Amino acid sequence: HFGSYGTAAIDTANGNVLWKRSDLPCRHFRGPGSSPVLFGNLLILTMDGIDVQYLVALDSASGKTVWKTDRSTKWTDIEPGGKIRGNGDLRKAYTTPTFTKVGTETIMISPGAKACFAYNPTNGKELWHITYAGYSNASRTVIAGENAIINTGYGKPHLVSLKLDPRARGDITKSHIVWDIFKRVPKRSSPIISGKYLYMTTDEGILSCIDLSSGKAIWSDRLRGHFSASPILANGRIYFFSEMGDCYVIKPGTSFQLLASNKLDDGFMASPAVTGKAIYARSKSHVYRIETQ
């Protein structure tokens with residue numbers, strides 16, 4: 001998947017192209033960044049550009065469009081005559097949807113510029129939304145019990161804990177926010193949850209542990225470097241990969257415990273992945289397979 005440049009399904013047995021689509025418009029401006037997601041037989045793509053903003057679900061077997069839903073964002077950057085003020089950055093986002101079960105139904109939470117939406121992933125119908133000032137969102141929403149933790153993106157980023165309610169509809173900004181915090185919130189990387197606490201690092205390397213019930217900071221410390229990649233939790237440890245090529249390993253808990261730091265190479269911006277006892281991490285020049293103990 002390469003955003004508006006094209007999406008294809010490949011037969012992994014022989015490399016043959018089963019289907020491809022290059023007719024989904026979106027001016028990404030600084031490049032596409034959202035990842036595709038699968039829900040049943042649907043491949044769902046997020047297209048948040050400076051010109052259009054929508055989600056589209058394709059049949060994963062054929063590539064045909066099943067549904068397409070435009071963002072219902074109320075834009076405030078339009079000058080008299082219809083011209084967009086600025087370069088359009090305030091309309092972009094790079095997020096990947098998160099699925100969670102609320103009541104008896106599964107919903108899809110998808111942050112965009114200026115607003116975060118919940119959709120019915122089967123038909124694309126918008127269920128509810130909250131509004132904020134952020135844009136160019138990249139951080140993924142994480143689920144903490146009956147709450148969704150949403151990062152509002154660039155501008156003045158803040159972290160929002162939103163009560164998940166099966167009856168929620170329309171604008172729930174003023175009715176369902178449990179807490180929100182503005183200090184030490186990342187613009188790019190996603191937070192991660194372990195037990196009763198949430199961990200996140202700012203782009204500049206300030207690492208914080210947050211109580212999920214109250215939003216209060218338990219502790220903060222600094223990791224050397226800048227961070228774009230999201231952390232991962234594996235075997236009871238949290239791994240942070242920096243843009244300077246360092247990997248920091250911390251133990252989750254109510255105090256900062258740095259277990260190890262390792263220098264690799266020229267920097268990581270992509271988030272790592274875990275399978276079995278191995279971590280896979282892509283830097284600017286290498287792909288690493290790291291065995292965990």
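Modeller: First, the ground rules. This is a predicted model, in which local features need pLDDT of at least 70 and side-chain atom pairs count only at pLDDT 80 or more, while totals for chains, interfaces and linings use all residues. Residues are numbered from 1 along each chain as its sequence is written, and side-chain values use heavy atoms, with hydrogens and water left out.

Now the surface. The chain exposes about 14,200 Å², and carbon and sulfur atoms supply 51% of that area. Accessible areas come from the Shrake-Rupley method with a 1.4 Å probe; for residues, only the protein chains shown count as cover. Buried residues make up 51% of the 293 residues. Here buried means under 20% relative accessible area, exposed means over 50%, and partly exposed lies in between (1.4 Å probe, protein chains only).

Next, the overall form. The chain has 0 helices and 26 strands. Both are DSSP runs numbered from the N terminus: helices (H or I) need at least four residues, strands (E) at least two. The radius of gyration is 19 Å, which agrees with the value near 19 Å for a compact globule of 293 residues. That radius is taken over C-alpha atoms, and the globule rule is 2.2 Å times the number of residues to the power 0.38. Along the principal axes, the C-alpha atoms fill a box of roughly 55 × 50 × 45 Å. Take the contacts with a separation of 6 or more: residues 24 or more positions apart account for 41% of them. A contact means heavy atoms within 4.5 Å.

Now the core. A nonpolar core is a set of buried Ala, Val, Leu, Ile, Met, Phe, Trp, Tyr and Cys residues joined through side-chain atoms within 4.5 Å. The largest one has 16 residues. Ile107, Ile109, Trp128, Ile130, Ile150 and Leu164 have the most contacts inside it. Five strands each supply at least two of its residues: E8 (105-112), E9 (115-119), E10 (126-131), E12 (147-151) and E13 (159-163). Strand E10 gives the largest share, 3 residues.

Ile150 is then in contact with Pro111, Cys116, Ile130, Thr141, His158, Leu159, Val160 and Leu162. There is also a second, separate core of 12 residues, which includes Tyr197, Tyr199, Trp219 and Phe240.

The loop between E8 and E9 is worth a stop. Lys114 lies in that loop. Its phi is near 75 degrees, a positive value in a residue other than glycine. Most residues other than glycine have a negative phi. Phe29 also has a positive phi, near 70 degrees. Phe29 sits in the loop between strand E2 (17-21) and strand E3 (37-39). With a relative accessible area of 35%, Phe29 is partly exposed.

Ser194 belongs to strand E16 (residues 192-194). Ser194 counts as buried at 19% relative accessibility. Beyond four places in sequence, Ser194 is in contact with Tyr199, Leu233 and Pro252. The C-alpha atoms of Ser194 and Pro111 are 22 Å apart, across 83 residues of chain.

Tyr54, in strand E5, is buried at 2% relative accessibility. Not counting residues up to four places away, Tyr54 touches several residues, including Leu24, Pro25, Leu45 and Met47.

Ser62 falls in the loop between strand E5 (53-59) and strand E6 (65-70). Ser62 is partly exposed, at a relative accessible area of 34%. Its C-alpha atom is 6.5 Å from that of Trp19, 43 residues apart along the chain.

Lys83 is in the loop between E6 and strand E7 (98-102). Lys83 is exposed, at a relative accessible area of 58%. Beyond four places in sequence, Lys83 touches Asp77 and Ile78.
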